Amino acid sequence: MEINGKNIGVAFTGSFCTYKKSFAELENLVATGAKVQTIFSDAAQKIDSRFGEADSFIKKAEAITGKKPFLTIKESEVVGPSAMFDLMVIMPCTGNTIAKLANGITDSPVLMAAKAHLRNERPLVLCMASNDALGMNMKNIGLLMNAKNIYFVPFSQDDPTKKPNSLVAHFGKMTETIKFALDGKQIQPVLAM
């Protein structure tokens with residue numbers, strides 16, 4: 001399915017080391033002709049790191065999309081009742097976000113938007129970046145992989161020697177994953193090399 005003209009939500013959580021890739025994919029998505037609304041988790045909008053200042057990322061998202069990001073739970077609540085998005089992406093999707101999503105916790109703008117979006121039975125794409133994916137979080141990933149309307153960007157271990165429990169999505173597969181998800185299909189193989 002084509003992405004041009006689709007309304008897509010792109011939600012940012014932590015995992016700041018992947019922001020360079022995340023913003024490149026945000027630009028690619030806008031270039032396809034999608035109408036993109038960004039959403040920032042509390043951590044994403046408040047934590048400055050060695051990868052950049054939170055405020056600069058918010059400004060960059062607005063510059064790319066031409067829209068102010070949603071920064072509060074109240075702003076994100078409208079996603080469901082208005083059926084705002086054809087598809088929503090959480091990129092990067094941290095282990096914390098995965099765990100909360102799998103357990104129905106909606107304590108941030110991103111999680112509220114995801115819950116509100118899923119109520120409309122529309123696709124939610126997760127672009128994972130988690131240091132504990134093959135540890136405590138594996139059960140949550142398994143739950144979400146079997147959940148209706150949730151799709152994963154293909155992922156693999158990013159450093160099996162130094163970080164054996166870490167998994168990171170192949171960000172370059174984002175657009176293709178979205179096209180499959182809009183057709184109700186999980187891109188394969190989801191376990192990439």
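Is Glu-121 buried or exposed? Glu-121 counts as exposed, with a relative accessibility of 53% (exposed means over 50% relative accessible area, buried under 20% and partly exposed in between, with a 1.4 Å probe and protein chains only). The structure is a predicted model, in which local features need pLDDT of at least 70, side-chain atom pairs count only at pLDDT 80 or more, and totals for chains, interfaces and linings use all residues. Residues are numbered from 1 along each chain as its sequence is written, and side-chain values use heavy atoms, with hydrogens and water left out.

Glu-121 is situated in the loop between helix 6 (109–118) and strand 4 (helices are DSSP runs of H or I with at least four residues, strands runs of E with at least two, numbered from the N terminus). Although Glu-121 is not a glycine, its phi is positive, about 55 degrees. A positive phi, near 45 degrees, is also found at Ala-83, a residue other than glycine. Ala-83 belongs to the loop between helix 4 (73–77) and strand 3 and is partly exposed, at 30% relative accessibility.

Helix 3 (residues 54–65) comprises 12 residues and spans 17 Å from its first C-alpha to its last, close to the expected 16 Å (1.5 Å times one less than the number of residues). Its buried residues are Ala-54, Phe-57, Ile-58, Ala-61, Ile-64 and Thr-65. These lie on the same side of helix 3 because they cover an arc of only 130 degrees around the axis (the arc of the directions from the helix axis to the C-beta atoms). The buried residues pack against helix 1 (19–31), strand 2 (35–40) and helix 2 (42–46) (contact means heavy atoms within 4.5 Å). Lys-59 and Ala-63 are exposed on the face turned away from the buried side of helix 3. Gly-66, with a positive phi near 80 degrees, follows helix 3.

Ser-22, in helix 1, is buried, with a relative accessible area of 0%. Not counting residues up to four places away in sequence, Ser-22 touches Phe-12, Met-91, Pro-92 and Phe-171. Ser-22 and Phe-171 are 149 residues apart in sequence, but their C-alpha atoms are 7.1 Å apart in space. Met-91 and Pro-92 are joined by a cis peptide bond, with omega about -10 degrees, and Pro-92 is part of strand 3 (residues 87–93). The peptide bond from Gln-188 to Pro-189 is also cis, with omega near -10 degrees; Pro-189 lies in the segment after helix 8 (174–182).
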